[in-house]
There are 2 protein chains.
Amino acid sequence: MNSEQLFEQIKQKQSFLCIGLDPEITKLPACLRDAELPLFEFNRRIIDATYDLAVAYKPNLAFYECFGTAGWKQLELTISHIRDHYPGILIIADAKRGDIGNTSKKYAETFFEILKCDAVTVAPYMGADSVLPFLEYPGKWVILLALTSNPGSDDFQFLSTGNHERLFETVLRKSKHWGNSDNMMYVVGATRASMLVKVREILPDHFLLIPGIGAQGGDLEEVVRYGFNDRCGLIVNSSRAIIYADASERFAEIAREKAVEVQRKMKDILGERL
Amino acid sequence: MNSEQLFEQIKQKQSFLCIGLDPEITKLPACLRDAELPLFEFNRRIIDATYDLAVAYKPNLAFYECFGTAGWKQLELTISHIRDHYPGILIIADAKRGDIGNTSKKYAETFFEILKCDAVTVAPYMGADSVLPFLEYPGKWVILLALTSNPGSDDFQFLSTGNHERLFETVLRKSKHWGNSDNMMYVVGATRASMLVKVREILPDHFLLIPGIGAQGGDLEEVVRYGFNDRCGLIVNSSRAIIYADASERFAEIAREKAVEVQRKMKDILGERL
């Protein structure tokens, strides 16, 4: 999928919502806890209830790996379910990988060939050769960490790296030459929405993946004010606020209601701005 | 395992060698390629041939994940084999993980509770709360990326972050307060051995995991000259130069010969310096 196709999907669904599929066993509805494949069953029902409201799903690998092979199997089933029933939706492996070149090549194989995801989040610390192997797959995306939404983002991402620039800005400026706006996006946390001004100075055209809306306290209007571009340019993720909105047997229905609330706001925003 | 126990093992084996278990299917001996569990079978034979020469084994997750659930199963079997037959050897999951707090917590569960590794490599970019959950396990280790051995390490790790300090030094200086020398080590690539002087100024006591010896061109003597401390303080990794030294049916025997060569050098170094 290239950026134009992503933009088409955004216009068609009137949404730039990504739903994070981070199933924690202790938070799953009681009715699912004894299921044979509880993570997959949970995801499947969330996906079936929201596929027309979201342009992307983002499973975070941590929530699957912690069940070992059983977790990986349910991740594979989740991705296949989206692929088979709702083609065209962007599948983002939130894996935050990155290693020396020959090793990143293996991770790229894993996420793009084996799991058949469209995009994978990558950590920038190890530099170009840790990222480039992911960019060798036409139609696939690297989503590079730039500015994250957690408290620890203060520790290194805001360090001054000279030339009136902070580390996250250096990451953006250097890495934008590794790929282009059809194969690279960036993670920019919503809890720092005003920083999007700086991000857009460096990257006017790239899509940005914005975590931190909802449970982490980010604000959609702020993000749009500073980050929206002429092709939307934003994918806004919500995980817990949607998928754990309810823990009864009606969880999928309530998750849909929460997703509809977000999608309506997005529809208004797209109507005003495009 | 604490640092004292690790030092005891180093003295006992007269070795500070870590063997990287990075089985690539195309490089495996032909006699194993049709095995039901080729990665595990390869690892098992390497381990059985080298367990008395190495103080640590370091499987890199990328080489297992790229086979999906079958890969994870073989990783689990590999770790169990070391645990069951050679207790006391440090098992390092080279995973380079790191995510927001509640997600890193899941990764910590995966590597310490499910896979029962002793240590996991973690990327620093997301800061303290991405690392702290791994430090809540007594006897377990975080091995934080500081200075990596790949060409891309130039992109960000050497950026000047003020106060005559570079990013990798800031990572060392800030993060050393998150844990202590009994639960944190650092990755410092051997291809930058002279940088170990700077590392030792900041971290005189910590163990360092040194990749890049062998195939990546690092030099053992250089590493020892600049990085050795009064409890050795070094774990030197070699992967390809040992495990792929031979591709015949004698691969494990030849791997042992290569490991013996390294261990003899280490024995001499330990004899001279302790």
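View 1. A:Tyr186 stands opposite A:Leu208 in E7(A). Welcome to a predicted model, in which local features need pLDDT of at least 70, side-chain atom pairs count only at pLDDT 80 or more, and totals for chains, interfaces and linings use all residues. To find your way around, residues are numbered from 1 along each chain as its sequence is written, and chains are lettered from A and ligands numbered from 1 in the order in which they are written. E6(A) and E7(A) run parallel and are joined by two bridges; strands are said to pair if DSSP finds at least two bridges between them.

**View 2. Strand E6 of chain A, face by face.** Five of the five residues of E6(A) are buried, leaving this strand mostly covered. Here a residue is buried if 20 or more other C-beta atoms lie within 10 Å of its own, exposed if 12 or fewer, and partly exposed in between, with C-beta atoms placed from the backbone. A:Met184, A:Tyr186 and A:Val188 point one way, while A:Met185 and A:Val187 point the other way. In a regular strand the side chains alternate between the two faces of the sheet.

View 3. A:Arg192 sits in the loop between strand E6 (184-188) and helix H9 (196-202) of chain A. Is this arginine, A:Arg192, buried or exposed? A:Arg192 counts as buried because 24 other C-beta atoms lie within 10 Å. If you follow the chain for 80 residues from A:Arg192 you reach A:Glu272, and the C-alpha atoms of the two are separated by 23 Å.

**View 4. Closing the barrel of chain A.** Eight strands of chain A close into a barrel in the order E1-E2-E3-E4-E5-E6-E7-E8, with parallel pairing. Neighbouring strands of this sheet are turned by 30° against each other on average, direction ignored. Strand E7 (residues 208-210) and strand E8 (residues 234-238) of chain A pair in the parallel sense over three bridges, and A:Leu208 stands opposite A:Leu234 in E8(A). Helix H10 (residues 220-227) of chain A lies across E7 and E8 of chain A, running at about 160° to E8(A). For such angles, axes are lines fitted to C-alpha atoms, for helices over the stretch in contact, and the values run from 0 to 180 degrees between N-to-C directions.

**View 5. Strands E1, E2, E3 and E8 of chain B.** Chain B has a closed barrel of eight strands, E1-E2-E3-E4-E5-E6-E7-E8, with parallel pairing. Strand E1 (residues 17-21) pairs with strand E8 (residues 234-238) of chain B in the parallel sense over three bridges, with B:Leu17 opposite B:Val236. Helix H13 (residues 251-273) of chain B lies across E1 and E8 of chain B, running at about 155° to E1(B). Four bridges join E1(B) to E2(B), where B:Gly20 stands opposite B:Lys58. From strand E2 (residues 56-59) of chain B, B:Ala56 and B:Lys58 point one way and B:Tyr57 and B:Pro59 the other way, and all are buried. E2(B) also pairs with strand E3 (residues 90-97) of chain B over two bridges, and B:Ala56 stands opposite B:Leu90.

**View 6. Where the chains meet.** Which numbers of residues are in contact between chain A and chain B? In chain A, 48 residues are in contact with 48 residues of chain B, contact meaning that C-beta atoms, placed from the backbone, lie within 7 Å. H5(A) gives the most to the side of chain A that touches chain B, with seven residues. That side divides into 18 nonpolar, 18 polar and twelve charged residues; Ala, Val, Leu, Ile, Met, Phe, Trp, Tyr, Cys and Pro count as nonpolar, Asp, Glu, Lys and Arg as charged, and the others, Gly among them, as polar. Since 100% of the interface residues of chain A are also interface residues in chain B, the copies meet through the same surface. The predictor gives the complex an ipTM of 0.96 and a pTM of 0.97.

Notes: Two residues are in contact if their C-beta atoms, placed from the backbone, lie within 7 Å.
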